[in-house]
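Let us walk through a protein model step by step. Keep the structure in view as you read.

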Amino acid sequence: MKRSIKIISIVLLFSIILVFAVAYYFSGLVMYPKVRCNPDHHVFCTGPNELGLEFQEVEITTEDKLNLVSYWIPAKQRKGTILMVHGHGGQRNEGLRFSKSLHEAGFNLLLLSLRRNHDGYATMGGLEQKDVDAALVFLKEKGETNIGIFGFSMGSATSIIAMANHPEIKAGLFSSGYGSAMDVLIESAKRDFGIPYYPLLPVVKWVLDYRTGIDMDEVRPIDSISKIKPRPIAIFHCKKDDYVDYHHAEDLYANAGEPKSLWAPECDRHERIWNFSPKEAESRTVGFFKTNLK
């Protein structure tokens with residue numbers, strides 16, 4: 001009997017250790033995604049000079065002392081300034097696909113580089129709020145007051161929360177975003193790894209909270225988007241998105257106040273709207289900001 005109890009105890013202890021080890025591994029995938037420019041996705045991987053855009057590399061220092069080396073692309077006839085926020089595993093060049101048309105329309109552009117690329121870690125839109133806060137301070141110090149925001153995927157989630165918290169942001173375009181950080185992580189775990197919610201994911205969430213110092217359950221753009229009204233927002237999302245399901249766009253749109261719009265072309269890759277239809281994507285983007293940043 002004692003031997004059986006000992007064996008059961010050893011198996012139980014081993015199982016607990018294994019669960020925590022796997023949870024630690026998966027939390028690391030969230031916090032430390034591989035960062036690279038994928039020409040098939042981001043297209044322009046060498047910088048604004050690839051598009052013939054004059055730019056400066058600027059250092060933006062966050063409250064927690066991270067130096068975010070970002071692209072500042074000033075326009076000659078300024079109609080406003082757009083803060084562009086990249087996604088999970090992305091870089092500052094993610095917004096370059098839209099930059100030439102926006103720049104030609106007269107907008108200054110700040111392509112923000114998030115903390116994961118500067119000795120920090122990703123938190124699905126949580127601590128990235130500090131990055132946007134610092135970027136807004138940078139813009140205000142330059143005298144920019146007519147500010148819009150344009151986010152991609154995690155950058156979209158980050159931008160929704162930031163816009164709700166910063167009334168000085170006058171218009172927001174949110175591309176391929178999600179309503180809840182935990183929801184999208186749970187969905188991706190089931191889809192990509194076949195992992196059900198119990199028993200692993202609550203442990204992953206606990207480890208993730210411990211390592212990041214935030215409650216991932218509170219990273220919920222779905223709760224923030226209703227607070228943006230009456231400032232205008234637009235949502236872009238591939239209808240067959242293979243990573244962030246289209247229901248996130250529908251949920252965000254349903255919770256947003258007017259004025260709002262939703263464009264959902266028939267593309268089937270995550271954050272590939274520009275790649276699917278460059279001219280229409282650029283036309284809609286430029287039209288949105290020209291209408292709402294005056």
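Start with the largest pocket. Helix α5 gives the largest share of its lining, 6 residues. Helices here are DSSP runs of H or I with at least four residues, strands are runs of E with at least two, and both are numbered from the N terminus. A word on the source: this is a predicted model, where local features need pLDDT of at least 70 and side-chain atom pairs count only at pLDDT 80 or more, while totals for chains, interfaces and linings use all residues. Residues are numbered from 1 along each chain as its sequence is written, and side-chain values use heavy atoms, leaving out hydrogens and water.

Back to the pocket. Its volume is about 1000 Å³. The lining has 37 residues, and L29, P33, H88, G89 and Y243 are the closest to the centre. At least two lining residues come from each of α1 (2-31), α5 (181-193) and α6. By class, 18 residues of this lining are nonpolar, 10 polar and 9 charged. Nonpolar covers Ala, Val, Leu, Ile, Met, Phe, Trp, Tyr, Cys and Pro; charged covers Asp, Glu, Lys and Arg; the others, Gly among them, are polar.

What separates a pocket from a cavity? Both are found on a 1 Å grid over the protein atoms alone: in a cavity a 1.4 Å probe fits but cannot get out, while a pocket is an open set of points with protein on both sides within 12 Å along at least five of seven lines; lining residues have an atom within 4 Å of a point. Grid points are joined across faces, edges and corners, and the volume is the space filled by probe spheres set on them. The model has 1 cavity of 30 Å³ or more. The largest cavity has a volume of about 50 Å³. Its lining includes P33, H86, H88, R115 and M154. That lining splits into 4 nonpolar, 5 polar and 3 charged residues.

Now look at the rings. There are 16 aromatic pairs. Rings of Phe, Tyr and Trp (its six-membered ring) pair if their centres lie within 6.5 Å; planes under 30 degrees apart are stacked, over 60 edge-to-face, and the rest tilted. W72 and F138 make an edge-to-face pair, 6.0 Å centre to centre, with 80 degrees between the planes. W72 is in strand β2 (residues 67-73) and F138 in helix α3 (residues 128-141), so this pair ties together parts 66 residues apart in sequence. W72 counts as buried, at 1% relative accessibility. F138 is buried too, with a relative accessible area of 14%. Buried means under 20% relative accessible area, exposed over 50%, and partly exposed in between (1.4 Å probe, protein chains only).

W206 and Y210 form a stacked pair, 5.9 Å centre to centre, with 5 degrees between the planes. Both lie in helix α6 (residues 200-212), 4 residues apart, about one turn of the helix. Elsewhere, ring pairs join F98, F107, F150, F152, F288 and F289 into a cluster.

Finish with helix α10 (residues 278-292), which holds T285. Is T285 buried or exposed? T285 counts as buried because its relative accessibility is 0%. Apart from neighbours within four places in sequence, T285 is in contact (heavy atoms within 4.5 Å) with F98, L102, F150, L173 and F236. L293 sits in the segment after α10. L293 is also buried, at 3% relative accessibility.
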